[in-house]
Amino acid sequence: MSDADGMQPFWTSLTLTQMSHSEWESLCDGCGRCCLHKLECEDSGEVYYTDVACRNLDCSAGRCLDYRNRQTLVPECLVLKPEDIESFHWLPATCAYRLVAEGKSLPIWHPLLTGDSESVVRAGISVRGRVVLESSVSPDEFEERVIHWIS
Ligand code: SF4
Ligand code: SF4
C-alpha cells in the first residue's frame, strides 16, 4: 500500500520502535477496549475481557477522562511501550499495536485510514455505551461480566 505521493504509510514502513511519539500515539484507534478489566486463566494464560471499565473511562464517550494524567489518576493504568511488544498478546485482536507487532494490516475502519475518529464507533469496535464503571460492580462479580465481543 502507498499513499497519493507513492510513500508507504509509516505503520507499514517503520517498526514500532522506529516510530516517532506522534506516530505511535496515532496508531491508537481510541476504542477503549484496553481500559476494561480483564481476567486471566491461571492454567492457559488466556485473557478474558469483561464489560467493567476503569474508573477513569468516560463510558458514554468510550474515552479516557484525562489521558494526559492517566498514570497519576490510575497508577495501575498500563502505558504501552514498543519495548513491551512481547506482552501485547493481552491486547484485543483489533488493537493496532498488536496488529502492527504481528505484521498485520490495519483494519479498514481504522482512523488512520478513514481520517475520521468516529469510524471506530461506526464499525462497532468502540466500547462507547457498552460498558459500566468499576465502581458499579463488585470484584466478586467480574467473572459474570466476561464478554465475548472482544477477543
Ligand atoms: S485497545 Fe489498542 S487501539 Fe484500542 S484504545 Fe487500547 S491501545 Fe488504543
Ligand atoms: S486511566 Fe484512562 S487510559 Fe488508563 S485504563 Fe483508565 S481509562 Fe484507560
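Reader: How do the residues of the shell around ligand 1 divide into nonpolar, polar and charged?

Author: The shell around ligand 1 holds 9 nonpolar, 2 polar and 2 charged residues. Here Ala, Val, Leu, Ile, Met, Phe, Trp, Tyr, Cys and Pro count as nonpolar, Asp, Glu, Lys and Arg as charged, and the others, Gly among them, as polar. A residue is near a molecule or strand if its C-beta atom, placed from the backbone, lies within 6 Å of it. Of the 13 residues around ligand 1, those that come nearest are Cys28, Cys31, Arg33, Cys34 and Cys95. The model is a predicted one, in which local features need pLDDT of at least 70 and side-chain atom pairs count only at pLDDT 80 or more, while totals for chains, interfaces and linings use all residues. Residues are numbered from 1 along each chain as its sequence is written, and chains are lettered from A and ligands numbered from 1 in the order in which they are written.

Reader: Which residues are around ligand 2?

Author: Around ligand 2 stand Cys35, Cys54, Asn56, Leu57, Cys64, Tyr67, Arg70, Val74 and Cys77. This shell divides into 7 nonpolar residues, 1 polar and 1 charged.

Reader: How many helices and strands does the protein have, and in what pattern?

Author: Helices (H or I, at least four residues) and strands (E, at least two) are DSSP runs, numbered from the N terminus. The protein has 6 helices and 5 strands, and along the sequence they follow the pattern α-α-β-β-β-β-α-α-α-α-β.

Reader: What is the order of the strands in the open sheet?

Author: Two strands pair if DSSP finds at least two bridges between them. The open sheet has 3 strands in the order S1-S2-S5, with mixed pairing. Strand S1 (36–40) and S5 stand at the edges with a single partner strand each, so one side of each is left without a neighbour in the sheet. S1 and strand S2 (residues 47–53) are antiparallel, over 4 bridges, and Leu39 stands opposite Tyr48 in S2. The hairpin of S1 and S2 has 6 residues between the strands, and in it Gly45 takes a positive phi near 80°. S2 and S5, by contrast, run parallel and are joined by 2 bridges; Val52 has Val132 in S5 as its bridge partner.

Reader: Why does Ala53 count as buried?

Author: A residue is buried if 20 or more other C-beta atoms lie within 10 Å of its own, exposed if 12 or fewer, and partly exposed in between, with C-beta atoms placed from the backbone. Ala53 counts as buried because it has 24 C-beta neighbours inside 10 Å. Ala53 lies in strand S2. Contact is a separate idea: two residues are in contact if their C-beta atoms, placed from the backbone, lie within 7 Å. Leaving aside neighbours within four places in sequence, Ala53 is in contact with Cys35, Leu36, Cys59, Val127, Val131, Val132, Leu133 and Glu134. The C-alpha atoms of Ala53 and Ser136 are 83 residues apart along the chain and separated by 9.7 Å.

Reader: Where is the place of Ile125, and is this residue buried or exposed?

Author: Ile125 sits in the loop between helix H6 (119–122) and strand S5 (132–133). Ile125 is buried, because 23 other C-beta atoms lie within 10 Å. Not counting residues up to four places away in sequence, Ile125 touches Asp29, Cys31, Thr94, Trp109 and Val120.

Reader: Which residues have the most contacts inside the largest nonpolar core?

Author: In soluble globular proteins, nonpolar side chains tend to be buried together. A nonpolar core is a set of buried Ala, Val, Leu, Ile, Met, Phe, Trp, Tyr and Cys residues joined through C-beta atoms within 7 Å. The largest one has 22 residues, and Leu27, Cys35, Leu36, Ala53, Ala96 and Val100 have the most contacts inside it. Helix H2 (21–27), S2 and helix H4 (96–101) each give two or more residues to this core, and H4 provides the largest share, 4 residues. Leu27 touches Trp11, Ala96, Tyr97 and Val100, not counting residues up to four places away in sequence.

Reader: What part of the 151 residues do buried residues make up?

Author: Buried residues make up 20% of the 151 residues. Of the contacts with a separation of 6 or more, 58% join residues 24 or more positions apart.
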